[in-house]
Amino acid sequence: MLSVNNIEVVYDEVILVLRGVSLEVPQGKIVTLLGPNGAGKSTTLKAISGLLKTEDGKVTRGDINFMGQQIANGNPEDIVRSGLFQVMEGRRIIEDMTCVENLRLGAYTRKDKGVKDDIDMVFEYFPRLRERTGLAGYLSGGEQQMLAIGRSLMARPKMILLDEPSMGLSPLLVKEVFGIIEKINRDQGITMLIVEQNANFALKVADYGYIMESGKVVLDGTSDELLNNEDVKEFYLGGG
Ligand code: ATP
């Protein structure tokens, strides 16, 4: 469904951050991208969603193919319309709007009348959001993360990119959020690429994983292969 082929990314015309990254995300699967701070995981997601442009970044080599279309250096809005949606790191919900208003925003690319039903569908996945009728700025970190994921569903995406969904959440909430992510994937067949520092949780829900270091993929395999790999155990699973 998504194939990233040997991409190189440069910021501000000179700073080379990705040095030939390739990865595949088959339809309906969950793939995770792991690695230390600064490895280039977020940059890889932004290259796919087109958001690199907003930070003066550019794909300078290689290509990105989403459902048969070349999208490298494409317009982010066109990429959303083609069914690929990025849930931003840090959640980026609109704090002075309610949950329902935030969810409606997620549907801005749609013209059909199913928006109200989809808001109900999001509340079914995240029941606690239904009870929060005040401004989104007052939601807890976990609830904001849930709202950000819910908002992405409102665009009826074929694939979503998630940037560190566990960030800032308690272990209990991380478990809950990953459980819901897995359920959404199973129920709706939405393909997912998840960037995570929390390798334990990510590999439990993912089918396949890639590990990045210093702008390159250094290892990839099925989740079981990675969970049993001695280096992965030592460097990525130890603390979790
Ligand atoms: P983290 O988990 O900290 O977000 P990451 O693996 O997602 O790490 P990136 O955020 O992709 O890594 O950053 C990779 C490298 O690119 C880092 O060295 C970072 O300093 C650099 N970088 C990121 N964004 C920019 C930017 N807008 N301009 C210049 N350099 C950047």
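Is T43 buried or exposed? At 7% relative accessibility, T43 counts as buried, where buried means under 20% relative accessible area, exposed over 50% and partly exposed in between (1.4 Å probe, protein chains only). The views below come from a predicted model, in which local features need pLDDT of at least 70, side-chain atom pairs count only at pLDDT 80 or more, and totals for chains, interfaces and linings use all residues. Residues are numbered from 1 along each chain as its sequence is written, and side-chain values use heavy atoms, with hydrogens and water left out.

**View 1. T43 and K46 in helix α1.** Helix α1 holds T43 and also K46; helices (H or I, at least four residues) and strands (E, at least two) are DSSP runs, numbered from the N terminus. Contact here means heavy atoms within 4.5 Å. Not counting residues up to four places away in sequence, T43 touches V9, Y11, V17, L18 and L52. K46 is buried, at a relative accessible area of 12%.

**View 2. The shell around the ligand.** There are 15 residues around the ligand, and G38, G40, K41, S42 and T43 come nearest; a residue is near a molecule if one of its heavy atoms lies within 4 Å of it. The shell has 5 nonpolar, 6 polar and 4 charged residues. In this sorting Ala, Val, Leu, Ile, Met, Phe, Trp, Tyr, Cys and Pro count as nonpolar, Asp, Glu, Lys and Arg as charged, and the others, Gly among them, as polar. Helix α1 gives the most to the shell, with 3 residues.

**View 3. Polar atoms facing the ligand.** Look for polar contacts, meaning pairs of N or O atoms within 3.5 Å. A polar backbone atom of G40 is 2.8 Å from an oxygen atom of the ligand. For Q197, a polar side-chain atom lies 3.1 Å from a ligand oxygen atom. An N or O atom in the side chain of Y11 is 3.5 Å from a nitrogen atom of the ligand. Taken alone, the ligand exposes 630 Å², and the protein buries 67% of that; the areas come from the Shrake-Rupley method with a 1.4 Å probe.

**View 4. The largest nonpolar core.** This core has 40 residues, and F126 and I184 have the most contacts inside it. A nonpolar core is a set of buried Ala, Val, Leu, Ile, Met, Phe, Trp, Tyr and Cys residues joined through side-chain atoms within 4.5 Å. Helix α7 (171–188) is one of the elements that each supply at least two residues of this core, and α7 gives the most, with 7 residues. Leaving aside neighbours within four places in sequence, I184 is in contact with Y125, F126, I149, L153, G189, I190 and M192. Apart from this core lies another, of 29 residues, including Y11, I48, F66 and I79.

**View 5. D63 in strand β4.** D63 is found in strand β4 (residues 57–66) and is partly exposed, with a relative accessible area of 27%. Leaving aside neighbours within four places in sequence, D63 is in contact with S3, V4, N5, I7 and Q70.

View 6. N73 is not a glycine, yet has a positive phi of about 60 degrees. N73 is in the loop between β5 (69–70) and α2 (76–81) and counts as partly exposed at 30% relative accessibility. For E164, also a residue other than glycine, phi is near 50 degrees. E164 has its place in the loop between β7 and α7, and counts as buried at 9% relative accessibility.

Technical notes:
Polar contact = N/O pair within 3.5 Å; in protein donor to acceptor, adjacent residues only side chain to side chain.
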